[in-house]
Amino acid sequence: MYCRLGAILPPSLGQARPVAVTSLAVTSTTILSKSAGPTVTGFQQPGRPLCHASSTMEADPEDNPNFIKMVEGFFNRGACMLEDRLVEEIRTRESEEEKRHQVRGILKVIKPCNHVLSLAFPIRRDNGSWEVIEAYRAQHSQHRTPCKGGIRYSLDVSVHEVKALASLMTYKCAVVDVPFGGAKAGVKINPKNYSDNELEKITRRFAMELAKKGFIGPSVDVPSPDMGTSEREMAWIADTYATTIGHFDINARACVTGKPISQGGIRGRISATGRGVYYGIENFLNEVAYMSTIGLSPGLKDKTFVVQGFGNVGRYAMKYLHGSGAKCVGVGEYNGSIWNSDGIDPRDLEEFKSQHGTILGFPQAKIYEGNILEADCDILVPAAMEKQLTKSIASRVKAKIVAEAANGPTTPEADKVLLKRNILVIPDLYLNAGGVTVSYFEWLKNISHVSYGRLTFKYERDANYQLLMSVQESLEKKFGRHPGTIPVVPTARLQSRIKGASEKDIVYSGLAHTMEKSAKQIINTAATYNLGLDLRTAAYINAIVKVFKVYQEAGLTFK
């Protein structure tokens, strides 16, 4: 853990002033906690066998932290900078020592995972054999309820991973002002090895186990899709809950988000995370001060970018960036990478993958033989697994911007290297918050039982036409109607809005506003603390302050 970044900040954004932290050693011991050993995730590069992201770190154990320890380390960095400020802001008649005890106590309450449910349940497979399934659900914080977080199906799932992702979700929700606590679930399976019938059995049984233990419900804990799951699994969960435990609850289908439209889903949810990534990148690319510091011109037009991971997030991020004038020159997947310096069309690539099940062999690109994370581009978008950018890889990154579309793709050691190299890292707890933001919109839709725009659609449309008629009448009174009426013709852009905002329009507008507002908060915090390009610490500071305020003002029931 380090609290001063003066040696690694670019001069153009100012040196970090020394941060006064009373008894850093005490702060470290009161906030830091032990974690279990490291887990290893893999990502295959073309022309070589499956390599592990941590293979280069075997000689440097500090660069392969346990995921939960990694998230806690970033938390510690923000909390360390905040302690004195939080003490000063307590307006009571207590002594400074008592205030400091309170601050440290609340920070100790915020950091650990509150509840972790570990499950093992049997299913009967289609061939008649029986299998025991391992699964977990972690609830990091109930400072706001319900808890919120995805369900992933992966063989890499572990209790440490879900705890880390749950804690990251708490901070993510706080950064974008979504009033949820953080949670995460994982089922330890490879969904490709199971039939649809078997996956439905697993999903429904998992939903029942969560319900029996009080780990799901519209006001308690609301899951959503993640790696290996989709709206199909969410529909099974909603149906299972609504027809059993939630039978008498009118809000039962709000127990999960990311559902199909017919099951209470919301338009725009599938693409929400990728669209949020696009908005986040655009917000920071439009900041002249940051762009001049890293040597890029403002705006997305003609910027080159590389995407690691062509799943739901990477695919939509690539689509929206491409549509705004940026050029995708490389795409990496678990089994290889492709490259085309003239650009890769996302629609063509998506169609090819849907037909062939892989991006390899795409006729409009060639195989990329190196590590796609080290490819030459302006913007690197890691949208795959955690801990992909290690210290050794970070020293060879050629991009000027690393946009963390995945959860935890950068290790703490790599983060230090990127900062020293003047590379702007847009952190995960801000950049991929589009999914939870739109999940919040869906949850609100479910508990209000009305779709967005339904009550105002016709009124807005009529009001817009009345406005045009008023303008026309005013012009005719001023200039007369000779030789005829004065037509007021709306532009194509205005015409598309005159009809009123659809649910998707409202969702996209709300998401864009959320990402823009949160980006400004992060930028202001970075300036306040003289953090330079260290947006991650700025984002954690914002999150910690918001969660801290909830605990402080609510008080602790059993203290």
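In which helix is the place of Leu 467? The place of Leu 467 is in helix α15, residues 457-479, where helices are DSSP runs (H or I) of at least four residues and strands are runs (E) of at least two, numbered from the N terminus. The model is predicted, so that local features need pLDDT of at least 70 and side-chain atom pairs pLDDT 80 or more, while totals for chains, interfaces and linings use all residues. Residues are numbered from 1 along each chain as its sequence is written, and side-chain values use heavy atoms, with hydrogens and water left out.

**View 1. Leu 467 on the surface.** Leu 467 counts as exposed because its relative accessibility is 54%, given that exposed means over 50% relative accessible area, buried under 20% and partly exposed in between, with a 1.4 Å probe and protein chains only.

**View 2. The loop that holds Asn 422.** Asn 422 is found in the loop between α12 (412-420) and β12 (424-426), and its phi is near 65°, a positive value in a residue other than glycine. Most residues other than glycine have a negative phi, and most peptide bonds are trans. With a relative accessibility of 24%, Asn 422 counts as partly exposed.

**View 3. The loop that holds Asn 530.** Asn 530 has its place in the loop between α17 (503-528) and α18, and phi of Asn 530, a residue other than glycine, is likewise positive, near 50°.

View 4. The bond from Thr 145 to Pro 146 is cis, with omega near 5°, and Pro 146 lies in the loop that runs between β2 (130-139) and β3 (147-153).
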